[in-house]
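Please look over the sequence and the fold below before reading on.

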Amino acid sequence: MASYDLNEELKKRKSTQTGAEKSLDDVSRVKVLSPSRKVFKRFIRNRLAVFGAVTLIALFLFSFAGPLFYPYGQKEIFYTFSKQNVNYALAKKNTAFNGYDTDDSIEVDTLVTTSMNSNIKKMLSDGTEEMTIPGDEGGWLIRMETPDIFTLSGVDLEKVADAGESTVKVGTYSMIGKEFTAEGDEIPGLAEAAADQIKGTSGSFEAGGVTYTFDKGAKPKTFDVFAQADGIIYEGKEPGGDFEKELGRAMEEGASSFETGGKSYVISKKGASASVYTVGEAKTAMVYTDLTLDTVKTGGSVPADFKAAALLAAAEGGGEFTSGGETYSILPDEDGDILMVQDASGEPFGEFGQYSVRRYSGEDTMDFDLKQAIAGKIDEMMDEGIQNGTLQAMIPTQNEDGSYSRDENGDFILNETEMKITQRLEGEYVINCDQINYVIDIYAPPSAKHPLGTDGDGFDVLARVMYGGRVSLMVGFVVVFIETFLGVIMGGIAGFFGGWVDNLIMRMVDIFYCLPMMPIMIILGSMMDALRMDTYVRLIIMMAALGLMGWAGVARLVRGQILSLREQEFMVATEATGIKVRARIFRHLVPNVLPQLIVTATMGLGGVILTESTLSFLGLGVKHPLATWGTIINSVSSASAMAHYAHIWIPVGLLICLTVIAFNFVGDGLRDAYDPKSKR
């Protein structure tokens with residue numbers, strides 16, 4: 001019987017039946033699928049697994065490709081024009097007097113300038129027009145030019161006499177030698193009385209009907225002797241004439257100055273006594289006023305010497321003055337309450353008024369006419385005795401930086417508003433109104449421009465969801481990679497070597513299983529908050545911490561698989577052929593565990609993303625402004641915010657759920673595809 005060669009028969013059929021229809025039992029039709037293709041075919045038969053895979057692909061495209069086409073960034077702040085009721089301005093009636101130098105060559109004592117407001121108020125309450133303050137060298141003359149303008153001048157003062165109850169040093173008594181040295185003319189009987197009655201450290205005695213006091217002198221064993229007098233004690237030659245009569249009249253009337261014999265005298269009172277001085281030439285050093293200068297040009301800066309020159313001109317009744325090489329004029333209005341300043345051409349330059357009207361922030365950016373209108377309305381309220389009033393006004397719209405909006409012609413863009421003026425304190429008024437401001441567009445509802453609206457920082461929510469998906473997915477993959485990498489190494493070594501190595505690594509696994517992950521992450525997050533770490537450094541530390549605490553499960557899986565594989569024939573063959581231990585573990589054992597690793601890693605990705613979102617929501621993970629899905633939900637973490645801004649957190653929550661479910665579906669599909677018997 002002739003032998004039958006199948007190969008030869010197939011060759012003949014191939015050569016003779018080219019192009020002919022093949023039958024079902026044709027050997028050439030037999031094909032063998034590779035293991036990977038078998039896994040793929042089993043996987044795509046699982047509808048849930050395919051749904052999960054398609055969902056993950058869509059999420060990756062949304063997170064990584066979406067920002068390339070979306071016009072906004074995750075940290076881009078959006079603004080909008082909004083009408084808000086704001087504290088627009090604050091008006092105060094000036095009570096303090098501010099001083100301006102008029103002559104830099106005159107150095108004014110600090111004590112004089114610090115007490116000027118109290119001295120001016122005393123003059124206003126007493127109704128006096130001049131006050132003289134003696135100094136170490138000369139003195140200072142305060143003169144009321146108008147009820148709102150005072151000048152401070154340096155004057156030469158020469159003491160004439162002491163009046164009233166006065167104490168005058170008359171001499172020095174020395175215990176050594178019992179000598180009395182008189183300050184001026186000898187007083188009969190005073191030396192003898194001092195020698196008899198001065199004892200102890202201080203005291204008093206009488207001589208010739210006059211009471212004297214004594215106290216320790218500058219030198220040892222000496223005493224200064226003072227005369228107590230009620231009358232006039234002259235420093236030198238008596239002025240004569242009607243001096244005493246005019247001085248007495250001035251003292252009775254409480255006047256601070258008087259004139260007699262063609263000379264001017266000032267009285268400086270100290271309790272029941274007073275000192276009388278002759279006044280020399282006065283040189284104005286400073287001018288004080290409680291008026292505020294507002295310029296026609298909004299926010300115009302005016303130097304102090306301009307104000308000083310204008311006030312001095314006003315003190316003289318008005319007229320021209322010069323500042324900065326330019327000539328101006330100043331004159332009071334009809335009521336005399338406001339001083340109007342004009343430039344050389346007669347155009348209004350500004351006004352000195354009773355009220356300081358400024359923006360509520362203190363900035364001088366209000367329109368001049370609006371300041372006048374507010375001040376006029378307050379005057380009406382004061383006349384009527386009311387504390388609240390309203391005023392219709394046109395105010396500019398503000399830009400992002402607080403500046404006023406202007407049109408193409410450079411004019412302000414105005415909007416009409418009703419101002420409410422309320423008296424808050426005596427002489428202080430708050431002005432409220434509806435103002436259109438260019439503000440951060442926070443919590444804007446979904447629109448064509450912002451499909452998911454904006455959050456509390458004015459960020460576009462959809463852009464942050466895209467960028468947040470990048471970070472959340474990246475965290476998931478990096479953490480799972482760290483877990484798998486460490487788990488494969490530790491589990492492979494433990495399973496291959498066994499013995500004490502296996503016991504040591506498994507006890508480490510037990511320790512890591514016992515670690516409370518959430519408390520550790522809370523402590524770690526608090527530490528990073530205290531150290532004010534950079535956002536990206538926090539992200540790296542968080543991924544490393546999650547990876548280090550999650551490798552134990554992978555290590556136990558790999559160790560169990562390798563324990564069952566290491567005794568099989570192919571491992572005996574690798575040992576017989578002298579393959580190195582490292583190659584046996586990682587080239588022959590680990591690849592056989594790869595299907596289980598893929599399934600574990602895929603199913604673990606969803607859990608890691610959920611953990612990262614939870615930590616970020618609690619404020620322990622990635623910090624604002626870097627976007628993750630957890631931080632986006634954290635931006636509306638309160639109950640009221642969640643109720644009012646559901647368009648922010650619901651889409652993000654759905655994406656987190658969808659991602660976790662999709663990874664679980666893919667993991668289940670891979671498990672069934674690698675081990676089809678597991679479904680039976």
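## Sheets, helices and cores

In this predicted model, P332 stands opposite L339, a residue of strand β16. The two strands concerned are β15, residues 326–332, and β16, residues 339–342, which run antiparallel and are joined by four bridges. Both belong to an open sheet of five strands, whose order is β13-β17-β16-β15-β14 and whose pairing is antiparallel. At its edges lie β13 (292–295) and β14 (319–323), each of which pairs on one side only. Neighbouring strands in this sheet are turned against each other by 25° on average, if direction is ignored. Helix α8, residues 304–315, lies across β13, β14, β15, β16 and β17, and it runs at about 160° to β14.

A further open sheet is built from five strands in the order β18-β1-β21-β20-β19, again with antiparallel pairing. Here the edge strands are β18 (355–359) and β19 (388–396), since each pairs on one side only, and the twist from one strand to the next averages 30°. Within this sheet, strand β1 (residues 79–93) and strand β21 (residues 428–440) pair over 13 bridges in the antiparallel sense, and F81 stands opposite Y438 of β21. Helix α9, residues 368–384, packs on the sheet and touches β1, β18, β19, β20 and β21, while its direction makes about 175° with that of β19.

| Helix | Reference strand | Angle |
|---|---|---|
| α8 (304–315) | β14 | about 160° |
| α9 (368–384) | β19 | about 175° |

Helices also meet one another. Two packed helices are described by the angle between their axes and the distance between the axes. For α11 (residues 499–514) and α14 (residues 551–565), the axes come within 9 Å and cross at roughly 145°, and the crossing is left-handed. The residues that make this contact include M506, V509 and F512 on α11, together with W551, A555 and R559 on α14.

Where do the buried nonpolar side chains gather? In soluble globular proteins, nonpolar side chains tend to be buried together. The largest nonpolar core of this chain has 50 residues, of which V465, V475, M521, L539, M542, W629 and V652 touch the most other members. Several helices each supply at least two residues of this core, including α10 (461–497), α16 (581–617) and α19 (646–674). Another core lies apart from it and has 21 residues, among them V86, L370, A393 and I431. Returning to M521, and leaving aside its neighbours within four places in sequence, this residue is in contact with M542, A545, L546, M549, L615 and L620.

Is V108 buried or exposed? V108 has a relative accessibility of 18%, and it counts as buried because this value is under 20%. Its place is in the loop between β2 (98–101) and α4 (110–114). Beyond its neighbours within four places in sequence, V108 is in contact with T113, W140, L152, A285 and M286.

Finally, some totals describe the chain as a whole. Its secondary structure comes to 19 helices and 21 strands, and 40% of its 680 residues count as buried. Among contacts between residues at least 6 apart in sequence, 61% join residues at least 24 apart. The chain exposes about 38000 Å², of which carbon and sulfur atoms supply 54%.

Conventions
Residues numbered from 1 in each chain as written. Predicted model: local features only at pLDDT ≥ 70, side-chain atom pairs only at ≥ 80, totals over all residues. Heavy atoms only, no water. Buried < 20%, exposed > 50% of the residue type's maximum accessible area, 1.4 Å probe, protein only. Contact = heavy atoms within 4.5 Å. Areas by Shrake-Rupley, 256 points an atom, 1.4 Å probe, with all protein chains shown as cover. Core = buried A, V, L, I, M, F, W, Y, C linked by side-chain atoms within 4.5 Å. Pairing = 2+ DSSP bridges. Axes fitted to C-alpha atoms, helices over the stretch in contact; angles between N-to-C directions. Left-handed = near helix turned anticlockwise from the far one by under 90°.
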